[in-house]
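Hi,

Here is the structure I promised to pass on. Have a look at it first, then read my notes below.

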Amino acid sequence: MKVRTRSSAIIGAICLVASLALTTASADEPAAPGQAAKVVLKKVATAQNPSAGTAGPGGTVWIAERAGTVRVLGADGLGEPVLDISDETTTDGERGLLGVAFDKRFAHFYISFTNLEGTSTVDEFAVRDGRIQPDSRRTVLTQTQPYSNHNGGDIKFGPDGYLYIALGDGGAGGDPHGNGQNLDTLLGKLLRIDPSGGEPYAIPPGNPFVGNPDARDEIWAYGLRNPWRFSFDSGTGDLLIGDVGQSDWEEIDWAPAASEGGENYGWSQMEGTHPFRGGTEPANHVPPIHEYDRTGLGCSVIGGYVYRGKAIPDLQGQYVFSDYCDGTVRTLQMEDGEVTGVSDLGVNGGETVSFVQGCDGELYVLGIAGSISRIDPA
């Protein structure tokens, strides 16, 4: 592991992270159903296979590159790597450095990656004055992966201050081990843990399966195939998950901020709202709020964020997402967990792999070929 700390872009006042702070939604009413905001994609930097990103100290955006480096996007562009674990990870299949996150106070930085054996790993670093402290590194959670795909890997701190971790069903195709519906494995799940409450972590007492001998205490939600990207709405606290489909349907799942967890999103009995290979819909199935088929160019949904920035008023309150194969940036207009309209923003991020929300609520689109673009008003 190599840590580089000489970067003026990461030193400065700590901003409040828009993606974590709950605000009143009264000033963030969504645009009228079907109304598409006028936007452009402004390329702000080029990276080596960017895979994920997060808002950082001093108004910066930290970008993860799949091979194992982290670089900081500041006013002067993309800096030199501040973290390099490229000798500890592999990029075969869908592996690599897949997620990054700061806690609420920017006191700790977390990375989610697959190690050389393909094991999903979440590590923690202390942060001081905006700089990673390499000697503080510790492993928080690991999960062996039977295959090199469907690793998930996204990590986010929720409005409750806990760390959420998305893991795919283990890979291959069709969930051959039945992990999605099996509560005795972390695969095919969204987890919730408290990394600061224990060693290596504590279980939040409100997790839905605490005390159930047939379920893992870390599980927050289940029935997921490959929840590649998820986010929390900074205006409401609602959770949205882009879950990549098998061969026919891509889906976006939703849970309200008041959820007590335990949602079953159906995989592998269901693919979206459709029984998968003769599956039976679980009695507690929570259907997606949006799905689309693969008759067009789409193949892998890329979950994004509900826009809560100020630069594009017509985009306020809309969920921005894309697809890896199609690249078109689209939005959902929503009301109380129901989709009231779908819009095409008329811009294309190429082979889009992730969205990033900055401290100011503005959104960036990452293309696996290297582009980092901000969504700006036209």
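A quick term to start: a residue is called buried under 20% relative accessible area, exposed over 50%, and partly exposed in between (1.4 Å probe, protein chains only). By that rule, Glu 199 is exposed at 66%, while its salt-bridge partner Arg 138 is buried at 18%. A salt bridge here is a side-chain nitrogen of Lys or Arg within 4 Å of a carboxyl oxygen of Asp or Glu; for Arg 138 and Glu 199 the closest N and O atoms are 3.6 Å apart.

Before going on: this is a predicted model, where local features need pLDDT of at least 70, side-chain atom pairs count only at pLDDT 80 or more, and totals for chains, interfaces and linings use all residues. Residues are numbered from 1 along each chain as its sequence is written, and side-chain values use heavy atoms, without hydrogens and water. The average pLDDT (the predictor's confidence in each residue, from 0 to 100) is 92, but residues 5-33 stay under 50.

The structure has 14 salt bridges. One of them joins Arg 137 to Glu 88 (2.9 Å, N to O). Arg 137 sits in strand S11 and Glu 88 in the loop between S7 and S8, so the pair ties together parts 49 residues apart in sequence. Strands here are DSSP runs (E, at least two residues), numbered from the N terminus.

What is S11 part of? It is an edge strand of an open, antiparallel sheet ordered S8-S9-S10-S11, where strands pair if DSSP finds at least two bridges between them. Eight bridges join S10 to S11.

Cheers

Key. Helix = DSSP H or I, 4+ residues; strand = E, 2+ residues; numbered from the N terminus. Contact = heavy atoms within 4.5 Å.
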